[in-house]
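The sequence and the structure are shown first.

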Amino acid sequence: MTRKIRLGAFLPGGGQHIASWRHPDQPVDGATSLEFHKQLAQTAERGLFDAYFLADNLAVGFGGAREGGNARVAGFEPVTLFSALAPFTKNLGFIATASTTYEEPYNTARKFASLDLLSGGRAGWNVVTTTGDPTAQNFNRDTQLPHAARYRRAAEHVEVVRKLWDSFEDDAFIREKKTGVFYDPQKLHESEHRGEHFQVRGPLNVPRSPQGHPVIVQAGQSEDGRGLAAATAEVIFTAHQHIETAQEFYRDIKARARGLGRSPDHILVMPGFAPFVGRTLEEAQEKYERLTSLILEEDGVGLLNGLTGGTLDLRGYDVDGPLPPAPPTEGMKSRQALIRQIADENNFSIRQLYQWVATARGHFTIVGTPETIVDTLQEWFENEAADGFNILPPWLPTALDDFVDLVIPELQRRGLFRTQYEGTTLRENLGLPFPVNRWAGARTAVQAAE
C-alpha cells in the first residue's frame, strides 16, 4: 500500500494559543463544554484525521504555573471526555494522556482498556512522566522525581500495563447460556509482576478490544525519552523547528528500534505543526497577527516561566530584553533546551519569544496558504523527517475548519492523504499491526516447535 501521511488533531477545547479564548470565534467556555468537544471531534472525523489527541496536566496551569489567565488552566480529564465522545464518531481514534509517575499500572490499564472497548478499538495512551513540583505536591511529594528516575519508573509501568492488557486471550469469552460456560479459565492469565517500582499480580478485569490493546504513544525527546520511545512507543509526538533536527530524531528513533528488534515501520514519528491557513499569504498573516495581538503580557511571561523549567521568574525582567540564562531543571529537559534554541537562533526578546511560542509551545508554527503549508508537510514526509503530523490548530473551531476545508483537499490532490478510512480501529487506520496476545503467541510457538 502506498505510504500516506498520518494526522493527529490536538484539540484542547480552550484552544492551543494562550490567547485563543479571547478570539471572537472561540467559545469562552470551550474547555469545559461537551457540546463543543463533540463538534471538534466530528469535524476531525470529517477531515479523516486518525485521532483526536489531548495532553493533560495534573496541576493548575502549564507546568503548574498560576501566572496569567489563559483557558488552559482547567478542563476535562481526557479518558472521561473521550468516553463521552466515542458514541458520536465511528472511525476517529482517541489518544489520551496519563502519567506513569502518578498513576498505578492497574488503574491505567483498566481505564484505557475500558475506553478501547467503549470505542470499538479506537483508544491510544499517550505515556508521560509528568513534570513540575506543583504537580508532585498534589501527590504526596514536595518535589518531582529526578528525570532519570521518572523514566525508569515509566519503562516498568508500560511493561506492567501491557502485561495486564493481555490478561484475557482474544477468544477467552465463550458466553454459552446453554452450558453455563462464560469464559475459558485456561485463557485468563495473571501478570505476577515484581519489579523495582511495582508489584502487580493481575489479571485485569477488562477484556481485549477489537484492536488487541490501545496504541501506545510517547513524546519524550531527551536521551531517556528516546530510549523509552524506541522500546515501547508505536506513535511518537515530537517538536522541531527545522527539518534537519526532525531528520536526526527520525533516523535515530528508527535505528534504535531496529537495534531492539522492532520494525521501524511499526513506529510512526509525528512532529507537531500549528498552521495559520489563509487563501492568500496576506490572509494567513492577518490571522496570525490578530491572535498575537490578543496576548496579555502577564500570560506570555507566565507561559515562559513554565517552559523554561519554573525556576526563573521573568516577571522582574524587561520583556523587550533578551531571555536570561535559566539553569536546567528536572522537568521537561528537551523542551527547555528547545525554547532556549528558539530564543538564541532568532535573537528574540522575551516578548518576541512568548509571541512565537504562544501558539504551540515549541512546535513548528507555519503561516501560509494551503499550497505552501502542504509543500512543507510533503518535504518533511518525503525526506525522513516525519511519518505524519500532530496538527495544533491555534484557535477553535475556525482554524480546524480551515485545515479540514483547505489543507486536507490539497493533501488528497497530491495523493498524500486518504480519501476514506482504511478500517474501524485506530491501529487499522494508522497501519499498525495487531498485537498478538503474549500467552496465545507463546502457546503457538511451543506447538510449532513440537
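In which helix does H157 lie? H157 belongs to helix α5, which spans residues 147–165. The model discussed here is predicted.

## Surroundings of H157

With a relative accessibility of 0%, H157 counts as buried, because that value falls under 20%. The side chain of H157 reaches the backbone oxygen of E103 at 3.1 Å.

E103 is also one of the residues that H157 touches when those up to four places away in sequence are not counted.

A284 is placed in helix α8, made up of residues 281–292. Its relative accessibility is 0%, so A284 counts as buried.

Once neighbours within four places in sequence are left aside, A284 is in contact with F276, V277, G278, V367 and G368.

## Packing of α2 and α3

Two packed helices are described by the angle between their axes and by the distance between those axes. For helix α2 (residues 78–85) and helix α3 (residues 105–118), the axes come within 9 Å and cross at roughly 15 degrees. Because angles under 35 degrees count as roughly parallel, α2 is roughly parallel to α3. The crossing in which α2 passes α3 is left-handed.

On the α2 side, the contact is made by V79, F82 and S83, and on the α3 side by K111, F112, L115 and L118. Sorted by class, the residues in this contact of α2 with α3 are five nonpolar, one polar and one charged.

## Packing of α1 and α2

Helix α2 also meets helix α1, which covers residues 34–46. The axes of α1 and α2 come within 10 Å, and they cross at roughly 70 degrees. Since angles of 65 to 115 degrees count as roughly perpendicular, α1 and α2 are therefore roughly perpendicular to each other. Their crossing is right-handed.

Which residues of α1 meet α2? From α1 they are L34, H37, K38 and A41, and their partners in α2 are L81, A84 and L85. By class, the contact of α1 with α2 comprises five nonpolar residues, one polar residue and one charged residue.

Definitions and conventions:
Residues are numbered from 1 along each chain as its sequence is written. This is a predicted model: local features need pLDDT of at least 70, side-chain atom pairs count only at pLDDT 80 or more; totals for chains, interfaces and linings use all residues. Side-chain values use heavy atoms; hydrogens and water are left out. Helices (H or I, at least four residues) and strands (E, at least two) are DSSP runs, numbered from the N terminus. Buried means under 20% relative accessible area, exposed over 50%, partly exposed in between (1.4 Å probe, protein chains only). Contact means heavy atoms within 4.5 Å. A polar contact is a pair of N or O atoms within 3.5 Å; within protein, one must be able to donate a hydrogen and the other to accept it, and residues adjacent in sequence count only if both atoms are side-chain atoms. Axes are lines fitted to C-alpha atoms, for helices over the stretch in contact, and angles run from 0 to 180 degrees between N-to-C directions. Angles under 35 degrees count as roughly parallel, over 145 as roughly antiparallel, 65 to 115 as roughly perpendicular and the rest as oblique. A crossing is left-handed if the near helix is turned anticlockwise from the far one by less than a right angle, and right-handed if clockwise. Ala, Val, Leu, Ile, Met, Phe, Trp, Tyr, Cys and Pro count as nonpolar, Asp, Glu, Lys and Arg as charged, and the others, Gly among them, as polar.
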